[in-house]
Amino acid sequence: MKYSVKIAVAGVFSSVYIVLMIVGGLIPASNYVVPLLLGIVTYCLLKTFGKKMALSVYIAVSLLSLFLVANKECALMFVMNFGYYPLIKNALDKVKPKAFQWLLKLLIFNLSVAAIELICVYVFNIPFFEGEKFSLLFLLAYALLMNVVFVMFDLFLGIFIKIYSLKMEGKIKKLFKY
């Protein structure tokens with residue numbers, strides 16, 4: 001594939017990402033769902049077009065989303081979680097033993113979620129708790145659910161990429177003459 005075509009494809013994907021992030025920021029629950037879905041697309045870009053293109057799309061979308069997306073939690077979920085994770089998943093999957101691999105994945109995820117929430121509260125002044133009331137039960141439920149979502153995302157990504165490789169990747173490469 002010509003370099004100019006790669007740049008054009010990266011630009012198109014970046015613009016679609018930004019539009020989806022902006023729309024995702026308008027619908028309440030999608031500030032978690034849209035970055036997660038875009039992470040799946042990032043993994044497809046990585047698999048089909050290579051690390052350099054996937055990384056360039058991630059960087060462009062990360063920078064633009066912080067400026068253009070009104071819902072900063074949605075933008076931060078992409079920038080600090082689901083946007084980069086597909087780029088490091090293959091390296092993390094090689095860690096042995098499996099228990100240490102999952103411990104490392106969950107540690108990275110939980111540190112980034114904590115950083116996201118702290119940035120939302122202290123930089124963007126977005127309250128974590130409604131009415132500013134602290135609720136330990138809500139905090140624990142949020143942490144548990146986010147970890148469940150992450151584990152499901154990781155497992156789904158592994159299954160999806162196998163299906164993608166078998167059924168869709170060849171067609172996409174053929175479409176772009178790659």
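These questions and answers go through a predicted model, from its core to its loops.

Me: Which element gives the largest share of the largest nonpolar core?
Reply: The largest nonpolar core has 43 residues, and those with the most contacts inside it are Tyr17, Met21, Leu45, Phe78 and Phe153. Elements that give two or more residues to this core include α1 (3–26), α2 (30–49) and α7 (136–175). The largest share is nine residues, and the element that gives it is α2.

Me: Is Thr42 buried or exposed?
Reply: Thr42 is found in helix α2. Leaving out residues up to four places away in sequence, Thr42 touches Tyr17, Ala54, Phe78, Gly83, Pro86 and Leu87. Its relative accessible area is 2%, and the limit for the buried class is under 20%, so Thr42 is buried.

Me: How are α2 and α3 oriented to each other?
Reply: The axes of α2 and α3 come within 7 Å and cross at roughly 150 degrees. Angles over 145 degrees count as roughly antiparallel. The two helices α2 and α3 are therefore roughly antiparallel.

Me: How many nonpolar residues does the contact of α2 with α3 have?
Reply: On the α2 side the residues are Thr42, Leu45, Leu46 and Phe49, and they meet Lys51, Met53, Ala54 and Val57 in α3. By class, this contact has one charged residue, one polar residue and, as for nonpolar residues, six.

Me: How is α5 oriented to α7?
Reply: α5 and α7 pack with their axes 12 Å apart, at an angle of about 75 degrees. Angles from 65 to 115 degrees count as roughly perpendicular. That makes the orientation of α5 to α7 roughly perpendicular.

Me: How many charged residues are in the contact of α5 with α7?
Reply: Tyr85, Pro86 and Lys89 in α5 meet Phe150, Phe153, Asp154, Leu157 and Gly158 in α7. The residues of this contact divide into five nonpolar, one polar and, for the charged class, two.

Me: How many of the residues of α4 are buried?
Reply: The buried residues of α4 pack against α1, α2, α3, α5, α6 and α7. Among them are Lys72, Glu73, Phe78 and Asn81. α4 is mostly covered, and the count of buried residues, out of 11, is 10.

Me: Which residues does Phe78 touch, not counting residues up to four places away in sequence?
Reply: Phe78 is one of the buried residues of α4. Phe78 is also one of the residues with the most contacts inside the largest nonpolar core. Not counting residues up to four places away in sequence, Phe78 touches Tyr17, Met21, Pro35, Leu38, Thr42, Tyr58, Val61, Ser62, Gly83 and Tyr84.

Me: Is Asn71 buried or exposed?
Reply: Asn71 touches Gly25 and Asn31, not counting residues up to four places away in sequence. The C-alpha atoms of Asn71 and Met21 are separated by 8.5 Å, while the two residues are 50 residues apart along the chain. Asn71 has a relative accessible area of 17%, and the limit is under 20%, so Asn71 is buried.

Me: How many Å apart are Phe176 and Val5 in space, C-alpha to C-alpha?
Reply: Phe176 lies in the segment after α7. Not counting residues up to four places away in sequence, Phe176 touches Met1, Val9 and Phe49. Phe176 and Val5 are 171 residues apart in sequence, and their C-alpha distance in space is 8.4 Å.

Me: What is omega for the peptide bond from Lys96 to Pro97?
Reply: Pro97 has its place in the loop between α5 and α6. The peptide bond from Lys96 to Pro97 is cis, with omega near -5 degrees.

Key. Residues are numbered from 1 along each chain as its sequence is written. This is a predicted model: local features need pLDDT of at least 70, side-chain atom pairs count only at pLDDT 80 or more; totals for chains, interfaces and linings use all residues. Side-chain values use heavy atoms; hydrogens and water are left out. A nonpolar core is a set of buried Ala, Val, Leu, Ile, Met, Phe, Trp, Tyr and Cys residues joined through side-chain atoms within 4.5 Å. Buried means under 20% relative accessible area, exposed over 50%, partly exposed in between (1.4 Å probe, protein chains only). Helices (H or I, at least four residues) and strands (E, at least two) are DSSP runs, numbered from the N terminus. Contact means heavy atoms within 4.5 Å. Axes are lines fitted to C-alpha atoms, for helices over the stretch in contact, and angles run from 0 to 180 degrees between N-to-C directions. Angles under 35 degrees count as roughly parallel, over 145 as roughly antiparallel, 65 to 115 as roughly perpendicular and the rest as oblique. Ala, Val, Leu, Ile, Met, Phe, Trp, Tyr, Cys and Pro count as nonpolar, Asp, Glu, Lys and Arg as charged, and the others, Gly among them, as polar.
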